[in-house]
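User: I'm new to this one and I'd like to know what the labels rest on. Could you take me through it step by step?

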Amino acid sequence: MTFLVVLTQAAEGGDAVARQLSAAGLQVEHWPLVSLEPVPLDAIRPVLERLSGYHWIFLPSPSAVRLVAQRMKELGIAWPADVRAGLVGPGSVDAFRACFGSGPAVDTPLQPPHDAAHLVQALTGAGGGLSAAATPVRALVLNRPDGRARWVEMLRQKAEVDVVAAYTAEPVLKGPPEQLMWRLQRMKRAGGVVAWVIGASSQLDTLLQVLPAEMTDWAKRQPLLVPHAAILAHAEACGFDEGAVYDDRRDLVERLQYVTSSHGRALGQPADTDADKKEVSVLSVDQKNSSAVPDGGLTDDQPGSAHRASQAPSAATSPGSSPAASEPLPASPPPSPLSPSALPPPPPPLPPVPSPAVGPIAAGDFRRGAGLW
């Protein structure tokens with residue numbers, strides 16, 4: 001069976017995924033349908049210079065981690081001590097460790113689906129770091145101007161929240177490169193299979209917009225793999241016949257290898273999308289550990305892995321941390337509630353950061369998907 005994998009994620013994360021899939025023996029083409037850019041340095045500088053005034057900084061995707069880290073490096077700003085990072089999954093943890101090292105404390109959901117809503121649900125639920133705080137917690141969200149807002153409103157119920165646009169995502173409205181177009185046409189004529197790996201609903205919309213009209217119906221009959229159930233629902237509404245939600249890159253590789261080995265299109269059982277109905281816990285990653293997953297090279301850039309590594313608690317637990325509820329940890333003193341004396345002085349009011357233009361696709365189109373690579 002002739003089989004090809006096409007990735008549409010941005011270059012920053014998609015290149016690494018392409019290398020990992022190729023190493024697993026898969027034929028891969030990387031066709032970025034979104035371009036990510038940090039906001040201008042002068043606009044974000046006042047925000048980054050005041051990071052130490054917060055207890056949590058939320059970076060809702062690996063792309064947010066990398067682009068914020070890029071600006072911090074340019075400004076010579078280190079991650080502030082005693083400030084926790086709220087990350088959506090193992091892929092974000094790996095990106096964070098690569099950018100900021102093993103020192104900062106990190107919170108990330110233990111169970112899939114790994115997204116910002118489940119991170120906040122875990123932190124604000126019974127026993128979560130935010131729910132245990134005796135006084136208001138200050139949190140900073142560094143996302144994109146068209147990012148999903150519902151989880152931020154959940155966070156505002158337990159914390160004083162500042163939201164700042166740190167980067168933009170623009171659709172790449174160009175048709176397939178010549179080499180890829182030739183391969184797609186050949187696959188179509190030969191009855192081959194093309195597996196689309198789509199990171200966001202907006203990428204799916206762009207794909208259907210820029211593909212030649214004679215290839216659209218064929219493309220919708222090919223298998224589709226996405227990192228979140230919301231993207232799959234959007235794909236079904238657009239007319240895609242077959243799709244599945246993958247949990248992390250390990251799961252993605254296994255599903256794709258299954259398709260090739262079985263000489264068919266079956267994607268296997270989709271990941272459990274009912275996890276949001278279950279109790280969610282947070283894995284507070286130890287300061288000495290570099291990843292929330294043993295095989296960090298196979299973690300996903302948006303929703304992440306259900307696999308866990310043994311984690312030792314930090315020698316000194318910072319305010320608001322909570323060990324993973326579903327995994328026993330060595331004994332350590334329980335974290336003490338945040339007290340007024342333990343809180344840093346409030347940061348000065350943030351200057352307004354102009355929201356860059358989103359581009360020809362409406363902001364609502366981006367909000368439908370959770371995969372922000």
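Analyst: A salt bridge here is a side-chain nitrogen of Lys or Arg within 4 Å of a carboxyl oxygen of Asp or Glu. By that rule the count comes to seven salt bridges. Keep in mind that this is a predicted model, where local features need pLDDT of at least 70, side-chain atom pairs count only at pLDDT 80 or more, and totals for chains, interfaces and linings use all residues. Residues are numbered from 1 along each chain as its sequence is written, and side-chain values use heavy atoms, with hydrogens and water left out.

User: What makes Arg-45 and Asp-42 a salt bridge?

Analyst: Their side chains meet at 4.0 Å, N to O, and the rule asks for within 4 Å, so the pair gets the label. The two sit three residues apart in helix H2 (residues 41–48), separated by about one helical turn. Helices here are DSSP runs (H or I, at least four residues), as are strands (E, at least two), and they are numbered from the N terminus.

User: Why is Asp-42 called exposed, and what about Arg-45?

Analyst: Buried means under 20% relative accessible area, exposed over 50%, and partly exposed in between (1.4 Å probe, protein chains only). Asp-42 has 63%, so it is exposed. Arg-45 has 31%, so it is partly exposed.

User: Which salt bridge does Arg-250 make, and is Arg-250 buried or exposed?

Analyst: Arg-250 meets Asp-248 at 3.3 Å, N to O. With 16% relative accessible area, Arg-250 is buried, and Asp-248, at 0%, is buried too. Arg-255 and Asp-251 also meet in a salt bridge, at 3.1 Å. Both lie in helix H11, four residues apart, about one turn of the helix, and both are buried.

User: What puts the buried residues of H1 on the same side?

Analyst: The buried residues of H1 are Gly-13, Gly-14, Val-17, Ala-18 and Leu-21. They cover an arc of only 135° around the axis, which puts them on the same side; the arc is that of the directions from the helix axis to the C-beta atoms. The face turned away from that side carries the exposed residues Arg-19 and Ala-23.

User: And in H7, why are the buried residues said to line one face?

Analyst: In H7, Leu-180, Met-181, Leu-184 and Met-187 are buried. Seen down the axis, they fall within an arc of 125°, so they line one face of the helix.
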